[in-house]
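I opened my notebook to go through this fold piece by piece. Here is the model I had on screen.

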Amino acid sequence: MSTTQSERLRELLEPLVTSQGLDLEEIEVDSVGRKRVLRVVVDSDTGADLDQIADVSRALSAKLDETNAMGEGEYTLEVGTPGAERPLTEHRHYVRATDRLVKFQLSEGGELVARILKVDDEGVDTEVPGVKGRKATARRIAFDDVVRARVQVEFSRKDKKEEEA
């Protein structure tokens, strides 16, 4: 998708997404055979439920049909939320990942897996899990030191309420 088409679609669709209480995270157009697929990724601080996704999907579909923004050819609209292992690229993504385990690729080299405890304008306070019986340690990571960050899926983490009981 050309940058101008991407920008036009973002300008057209973002106000509708925002009016539904969501953030427009990503727009992508792919060709699948003769058809095109428009993928729109939305999210919010509290997440997006299926009803919100359905509502925003209907609103976007109506706007796209009304404006003919996708042209005359056939296309499929897919609206969803970021995946479980989403990359963190915006400040709000880090805030939403508070209390989640994140894999950081650092500008100094190397990787670090740590849990985000607190986020401010300059960076994140994290807890690095202990290894082989060692206690967890605190570490501050400045945003300027992060090359890439991605939420990690945890299958065996106990819920805080379980831990406090």
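**Entry 1: a helix over a sheet.** I began with helix α2, residues 50-67, in this predicted model. Helix α2 lies across β2 and β3, and I noted an angle of about 150 degrees between α2 and β3.

Next I looked up the sheet those strands belong to. Three strands make an open sheet in the order β1-β2-β3, and the pairing is mixed. At the edges stand β1 (23-32) and β3 (75-80); each has a single partner strand, so one side of each is left without a neighbour in the sheet. On average, neighbouring strands here are turned by 15 degrees against each other, direction ignored.

I then zoomed in on one pair. β1 pairs with β2 (residues 35-43) in the antiparallel sense, over nine bridges. I found Ser 31 standing opposite Arg 36 of β2.

**Entry 2: an arginine to check.** Is Arg 96 buried or exposed? I located Arg 96 in helix α3, residues 91-96. Its relative accessibility is 18%, and the cut-off for buried is under 20%, so Arg 96 counts as buried.

Which side chain does Arg 96 join through a polar contact of 2.8 Å? The partner is the side chain of Asp 45. I also listed what Arg 96 touches, leaving aside its neighbours within four places in sequence: Asp 23, Glu 25, Asp 43, Ser 44 and Asp 45.

**Entry 3: the other sheet I looked up.** This open sheet has five strands in the order β7-β6-β5-β4-β8, with antiparallel pairing. Its edge strands are β7 (137-142) and β8 (146-151), each pairing on one side only. Neighbouring strands are turned by 40 degrees against each other on average, direction ignored.

Inside this sheet I followed β4 (residues 101-106) and β5 (residues 111-119), which pair in the antiparallel sense over five bridges. For Val 102, I read off Ala 114 in β5 as the bridge partner.

**Entry 4: backbone angles.** I kept one rule in mind: most residues other than glycine have a negative phi. Then I checked two residues against it.

- Asn 68 is not a glycine, yet has a positive phi of about 60 degrees. I placed Asn 68 in the loop between α2 and β3. With a relative accessible area of 39%, Asn 68 is partly exposed.
- Lys 132 is not a glycine either, and its phi is positive at about 50 degrees. I found Lys 132 in the loop between β6 (123-128) and β7. Its relative accessibility is 84%, which means that Lys 132 counts as exposed.

Conventions: Residues are numbered from 1 along each chain as its sequence is written. This is a predicted model: local features need pLDDT of at least 70, side-chain atom pairs count only at pLDDT 80 or more; totals for chains, interfaces and linings use all residues. Side-chain values use heavy atoms; hydrogens and water are left out. Two strands pair if DSSP finds at least two bridges between them. Helices (H or I, at least four residues) and strands (E, at least two) are DSSP runs, numbered from the N terminus. Axes are lines fitted to C-alpha atoms, for helices over the stretch in contact, and angles run from 0 to 180 degrees between N-to-C directions. Contact means heavy atoms within 4.5 Å. Buried means under 20% relative accessible area, exposed over 50%, partly exposed in between (1.4 Å probe, protein chains only). A polar contact is a pair of N or O atoms within 3.5 Å; within protein, one must be able to donate a hydrogen and the other to accept it, and residues adjacent in sequence count only if both atoms are side-chain atoms.
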